[in-house]
Amino acid sequence: MSKNQVTRRGVLKTGAVAGAGVALPTIFTASSAAAYTNEPTGGTVTLGFNVPQTGPYADEGNDELLAQQLAVEHLNGMGDGGCLNTFTSKALKGNGILGKKVQFVTGDTQTKSDAARAAAKSMIEKDGAIMINGGSSSGVAVAVQGLCQDAGVIFMAGLTHSNDTTGKDRKKNGFRHFFNAYMSAAALAPVLSKEMGADRRAYHLTADYTWGWTQQESIAAATEAMGWETVNNVLTPLASTDFSSYIAPVLNSGADVLVLNHYGGNMVNSLTNAIQFGLLDKVANGKDFKIVVPLYSELMAAGAGENIKGVLGSMNYNWQLDNEGSKAFVKSFGEKYGKPPSNSAQTCYAQVLLYADACERAGTFNPCGVAEALEGFEFDGLGNGKTLYRADDHQCFKDVLVVRGAQNPTNAYDTLEIVEVTPVEQVMYAPDHPMFGGAEASLGECNSGA
Amino acid sequence: MDAIILQILNGLDKGSAYALIALGLTLIFGTLGVVNFAHGALFMIGAFCAVTVQRLLNLSFQTVDETQKDFLGNPLKVDTPYVEAWFGPEIGAAIIDWSVPLALVFAIPIMLAVGYAMERGLIKHFYKRPHADQILVTFGLAIVLQEIIKYFFGANPIQTPEPSALKGSLDIGLMLGFDPNAIIYPIWRLVYFTFSVVIIGGVFAFLQFTTFGMVVRAGMADRETVGLLGINIDKRFTIMFGIAAGVAGLAGVMYGPLNPPNYHMGMDFLVLSFVVVVVGGMGSLPGAVAAGFLLGVLESFASTTWATTTIPGINQIIIYLVAIIILLTRPRGLMGRKGVMED
Amino acid sequence: MGILEVKNVGKRFGGLQALSDVNLSVAENTVHAIIGPNGAGKSTLLNCLVGKLIPDSGSVMFDGQSVLGRAPYEINQMGISRVFQTPEIFGDLTVLENMMIPCFAKRDGAFELNALPAVSQQKDVVDQAMHMLEEMRMADKRHMHAAAMSRGDKRRLEIGMCLSQEPRLLLLDEPTAGMARADTNNTIDLLKQIKQERDITIAIIEHDMHVVFSLAERITVLAQGTPLVEDTPENIKGHPKVREAYLGESA
Amino acid sequence: MLGLDKKDTSLLIIVAILTLLAPFILNPFPAGSAMAQFNAGYPDLMQRFVIFGIFAIGFNILFGLTGYLSFGHAAFLGVGSYSAVWMFKLLSYNVIPAIALSVVVAALFALLIGYVSLRRSGIYFSILTLAFAQMSFALAYSVLSNPKFNLTNGETGLQVYADDPQIFHRDSLPDMPHLFGLSMRSTYKLDIGAWSFDFNVGYYLCAVIMMVMFYLAIRIFRSPFGMMLRAVKSNQQRMNYTGLNPRPYTLAAFVISGMYAGLAGGLMAAMDPLAGAERMQWTASGEVVLMTILGGAGTLIGPVLGAGFIKYFENIFSKINDTILHQWFSFLPDGIEDFMVFIVHPFIGKGWHLTLGILFMLVVIFLPGGLVEGGQRLGNWLRNRGKRSGEAKTKHEPAE
């Protein structure tokens with residue numbers, strides 16, 4: 001084993017130091033003989049799962065981790081629960097990836113860019129991870145994506161909803177399965193108009209950072225195009241825990257819809273506060289007052305409890321989605337973990353399989369080959385239905401779900417109901433859309449680390 | 001006008017939480033001379049008392065309902081809380097509905113015990129250590145406590161709703177002769193405000209009118225002299241620590257319906273409550289309460305559209321800005337005593 | 001014209017007139033004691049001299065320059081050193097370091113960013129400090145933590161620290177308060193020796209009449225914030241007003 | 001040597017040897033073995049060890065010497081990082097101007113904040129620094145990242161984009177931070193038998209800078225200035241009445257430690273050209289406090305040890321997941337294996353905060369002098385034990 005390692009790394013043996021060798025200086029850890037960063041040479045290949053394990057998003061990270069572990073089991077042929085069968089690409093054989101058994105290492109992003117990059121680096125530099133998957137915020141996704149680009153490994157983003165991830169910060173080595181703020185807005189606007197009418201006046205509360213702004217911008221643009229008016233947009237500090245002072249003036253502002261451009265704990269609290277103020281029981285401008293939460297997640301729904309009843313929002317995926325891929329995945333996940341998968345879990349699961357499949361189809365782990373195989377890849381299955389990985393910006397295009405908090409949930413898992421599945425055509429946009437960095441945005445060159 | 005009344009109301013309501021936490025912090029600091037960074041954690045533990053009571057009341061047995069399916073297509077297991085089985089569905093549901101007020105009863109002995117254990121087990125050994133050491137050890141304790149809570153309750157917030165009778169909001173504006181919907185305020189927030197006024201009043205009355213309180217106040221002013229009088233001031237201070245913990249805990253229980261408790265809520269409040277205490281003046285009870293309400297109101301006004309458009313980002317920094325200005329102009333805070341915490 | 005001239009100084013705290021119309025002149029190279037019953041304003045007066053308090057009215061001149069409005073460290077740099085009632089030393093530092101700090105203050109002024117050379121290489125300061133330690137008969141304790149010393153030693157160290165600045169005026173605030181008789185006598189001897197060996201003016205605030213009459217050349221008696229009399233010890237002893245205000249009670 | 005006495009010289013030499021040989025010392029286990037996950041000798045972590053070492057050394061100059069507990073030092077680190085990345089964006093990826101500017105800007109920032117904060121002492125000072133740092137964080141995270149005036153790039157973090165001016169950039173230079181063309185990410189890999197060691201340019205740059213900063217810290221500790229700072233901590237009253245003005249001394253210490261923090265921030269950006277706002281948050285300031293206390297405040301080597309300890313925890317301990325635990329205990333019978341995993345589980349992986357909190361409390365309670373005191377006590381105990389057994393022998397011998 002040890003000797004093997006010396007030779008396979010192509011090290012020059014020197015006479016002076018018997019059994020020791022010095023490799024040539026190279027960028028990152030790829031040595032001269034390796035074709036790309038962390039080229040797997042043994043019988044195994046290592047994936048890096050980078051999710052928040054501490055901090056407020058730890059539960060979501062844990063969900064992602066469970067899904068990724070499930071994906072590894074499915075890849076290694078320890079039973080796939082029928083999931084692989086629903087996947088239109090048949091390249092995966094249940095014997096790992098390219099015949100190599102899949103191993104994984106985990107890192108803790110702490111939902112902080114710095115910590116996430118440190119964790120990713122550790123997995124790349126120390127554990128030899130060939131790709132990084134997961135994450136639970138856009139800041140982290142953009143930061144880790146940039147790192148993976150420099151390091152020459154593939155980055156498969158987890159939950160990241162900001163336009164920037166595949167917009168102005170898009171990278172050749174980075175891929176996003178999750179949908180984005182623009183798509184949320186495009187999917188929501190027609191439903192909002194249908195449910196609430198075309199002459200609504202909207203009041204926006206927006207988390208005061210990049211994601212919040214892009215989300216607000218997208219929603220305002222899409223709803224204004226339907227005839228809505230934006231009465232006010234108030235920026236709330238990310239560190240806020242109580243939103244009462246922002247909610248209090250809403251009713252008296254002439255608005256009849258409140259849009260909460262918040263995520264995670266911010267959203268749970270702002271929605272709870274809004275319900276406390278009884279907004280949903282009020283009538284404004286002669287219409288029933290409504291609340292919209294553009295981006296939903298199962299954990300946020302759980303945190304907000306009964307308050308989500310009747311509140312509209314959008315999701316990338318929901319376990320209640322009725323297609324074969326989804327059913328197989330929910331069954332497999334549910335039997336193993338005793339609960340249905342969340343939409344970020346599904347994204348992380350799909351990303352692992354998509355990566356593995358691309359490797360198989362490309363016949364290599366070389367990130368440039370893998371990227372090429374993923375670009376323009378069309379598939380069905382894995383939960384979302386027909387999906388395209390667009391070559392221009394590495395964004396997945398698929399149907400978007402508009403969901404609503406259920407009035408009478410029967411158990412802890414069906415608190416959200418699917419209102420409409422917005423077809424992918426409606427949420428399509430040009431790769432050089434101004435909200436996505438315009439014509440200047442570029443993927444750059446693929447980096448394999450060689 | 002109505003907008004101003006609304007923000008004042010909101011500020012007082014926000015401030016009541018700050019004031020309650022700061023009151024406990026100041027009690028501990030004033031009596032024991034200890035800077036307790038774990039005070040936010042006590043607030044958090046209080047909130048999780050409510051969560052626990054809710055969980056206990058919802059303890060259920062499962063029956064299989066063949067007519068319904070769960071998400072995997074298996075027959076649905078329906079949970080029936082024991083209380084509903086014991087007291088009948090209606091009374092049982094009502095008991096569960098009132099779990100937050102019930103948790104108050106439950107939280108008092110728990111918080112007193114936690115406070116007692118903390119003081120005897122840890123804080124006691126730090127009376128003679130430098131303030132920096134006290135800050136550090138209680139900071140460590142705060143981390144440990146919140147991680148323990150996270151281990152058992154997870155990182156996600158947990159709803160502890162108010163009783164349905166107290167849900168919804170009141171149109172105060174209508175009562176004052178404004179247009180409808182001008183001043184709407186949630187009932188539970190008014191309850192919280194009233195509650196904190198009662199608690200604050202209770203603590204002050206206790207210190208003002210009981211012999212126990214008089215000794216403690218004397219001890220706060222001059223510990224050695226009271227000790228010389230042969231009064232066992234340490235024991236009383238232990239009890240004061242328990243009371244301070246109790247105040248923080250009750251504040252936490254009642255806070256649950258406002259914003260669902262999560263494991264890091266203590267840390268979120270910690271920095272803020274220290275700013276409140278320092279602005280009020282270390283060791284001054286009226287100062288802490290006044291500063292709590294003052295900062296609540298200022299924060300409320302800073303978050304109005306008018307304020308944020310005049311000075312962008314003012315809502316992000318208002319608290320710190322006020323702290324800096326006050327500390328530079330009034331070295332010991334609003335009502336601080338000389339020589340306290342200046343070594 | 002004395003080295004220290006206090007003219008018409010008044011100081012009020014709220015409703016309490018702590019000092020009113022205080023005039024005091026301390027002649028150079030004398031030992032001048034300020035005595036008075038409790039609450040007579042001795043400490044307030046002292047604090048006005050060293051910059052801790054600023055009087056409401058009047059002037060305080062040291063060597064022809066006003067000290068009013070100056071910070072304590074500036075007044076110290078003018079040549080006034082103060083010994084506290086309970087010894088104020090650097091408890092966490094060694095005895096030698098304690099003695100070196102005033103030497104540095106003497107050499108480098110109120111602030112000097114002397115961050116790179118090692119203390120041990122500052123030969124002049126080390127020698128000066130060692131010399132003073134020897135004079136104070138504590139050279140053998142130079143590596144001890146100052147906080148670990150006996151009270152008498154701390155007092156001697158503090159006096160030594162003040163002397164190493166070669167002040168022109170040494171202010172002593174009840175230097176023997178709380179001391180045993182033997183320690184008190186040692187301190188008296190030390191102060192006598194100091195006075196003999198150098199040109200220095202000493203102003204001393206004291207309760208203990210034994211100390212006052214062993215050391216002082218002039219005495220000012222303060223009562224209720226104003227100087228009652230100023231005279232030689234012999235005259236003070238027999239002064240009826242003083243007996244009435246002070247000695248009568250304590251004798 | 002170098003103006004240090006014998007003891008300090010040997011300390012410096014030990015630190016130098018340890019840092020230079022760190023790639024070996026930190027990778028004691030063969031690359032493929034089960035213990036390899038405890039290896040810490042990969043470039044990123046080694047860089048962090050020394051960078052946070054610098055940060056903690058600087059913090060210790062303020063806290064350890066003067067006793068002023070700043071809860072806002074992370075702000076200087078963040079400012080340093082932002083300055084460095086701006087240099088990358090405007091000039092080129094060369095690290096020299098970036099690091100230089102980060103120190104200068106951090107110094108100015110520290111001068112400003114210190115001048116105001118040091119008007120108060122004790123907890124008032126702590127709260128003032130905390131308030132300034134939180135304000136800086138809030139400004140950096142959102143206010144200063146608005147599209148009109150984007151100084152910090154907010155949540156995503158400031159980074160270099162292809163359309164940045166980079167006026168001195170040439171195509172022949174690497175497209176990442178470099179020292180006159182030598183990329184910070186170049187790594188020599190040395191394989192000896194089953195062992196594998198990384199020698200990274202960035203690490204060695206940081207290591208050399210840390211040794212210089214450590215050396216400077218020793219000089220400061222031993223200088224009259226250092227003595228004055230300890231005097232500030234010991235008795236400000238006496239200082240005032242000894243003709244010394246404590247405020248410029250504390251301000252100088254504050255600025256120096258701010259410069260150390262800025263340097264650390266600049267180096268962080270030089271190793272990884274991205275500056276995020278959260279490195280300015282008060283919890284980040286708390287971290288450097290933890291490091292310093294854990295290692296031993298006021299001691300020379302303590303903060304470096306503390307920094308290494310916490311970063312090791314954060315990066316190595318947090319990666320131990322249940323799968324790995326099961327591997328460890330797999331030699332045990334099934335029931336006991338599960339039980340052991342159950343017992344250990346809360347403390348590792350995602351529970352690393354808990355373990356850290358407990359350790360920190362234990363250190364503050366039982367070892368106020370930190371790990372350094374622990375080491376000394378252990379040393380004394382061993383020596384005494386040796387002595388006692390020696391004494392026992394000598395006592396015993398005459399009897400025989």
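Predicted model: local features only at pLDDT ≥ 70, side-chain atom pairs only at ≥ 80, totals over all residues.
A residue counts as buried here if 20 or more other C-beta atoms lie within 10 Å of its own.

**Stop 1: helix 8 of chain D**

Select residues 224-234 of chain D, which make up helix 8. Colour D:Pro224, D:Phe225, D:Gly226, D:Met227, D:Met228, D:Leu229, D:Ala231, D:Val232 and D:Ser234: these are buried. Because 9 of the 11 residues of helix 8 of chain D are buried, this helix is largely enclosed by the rest of the structure.

Next, display what covers those buried residues. The cover includes helix 3 (95-108) of chain C. From chain D, the cover includes helix 3 (43-66), helix 7 (201-222), helix 9 (236-240) and helix 10 (246-271).

**Stop 2: a sheet in chain A**

Move to chain A and show its open sheet of 5 strands, ordered 5-4-6-7-8 with parallel pairing. Strand 5 (101-108) and strand 8 (174-176) of chain A are the edge strands, each pairing on one side only. From one strand to the next, the twist averages 20 degrees.

Zoom in on strand 4 (residues 44-51) of chain A, which pairs with strand 5 of chain A in the parallel sense over 8 bridges. For one such pair, pick A:Leu47, whose bridge partner in strand 5 of chain A is A:Phe104.

**Stop 3: where chain A meets chain B**

Select the contact residues of both chains: 41 in chain A and 41 in chain B. On the chain A side, elements that each supply at least two residues include helix 2 (58-75), strand 10 (229-236) and helix 11 (324-337). The largest share, 5 residues, comes from helix 9 of chain A. Coloured by class, this side of chain A has 18 nonpolar, 15 polar and 8 charged residues.

Key
Residues numbered from 1 in each chain as written. Chains lettered and ligands numbered in written order. Contact = placed C-beta atoms within 7 Å. Helix = DSSP H or I, 4+ residues; strand = E, 2+ residues; numbered from the N terminus. Nonpolar A, V, L, I, M, F, W, Y, C, P; charged D, E, K, R; others polar. Buried ≥ 20, exposed ≤ 12 C-beta atoms within 10 Å, placed from the backbone. Pairing = 2+ DSSP bridges. Axes fitted to C-alpha atoms, helices over the stretch in contact; angles between N-to-C directions.
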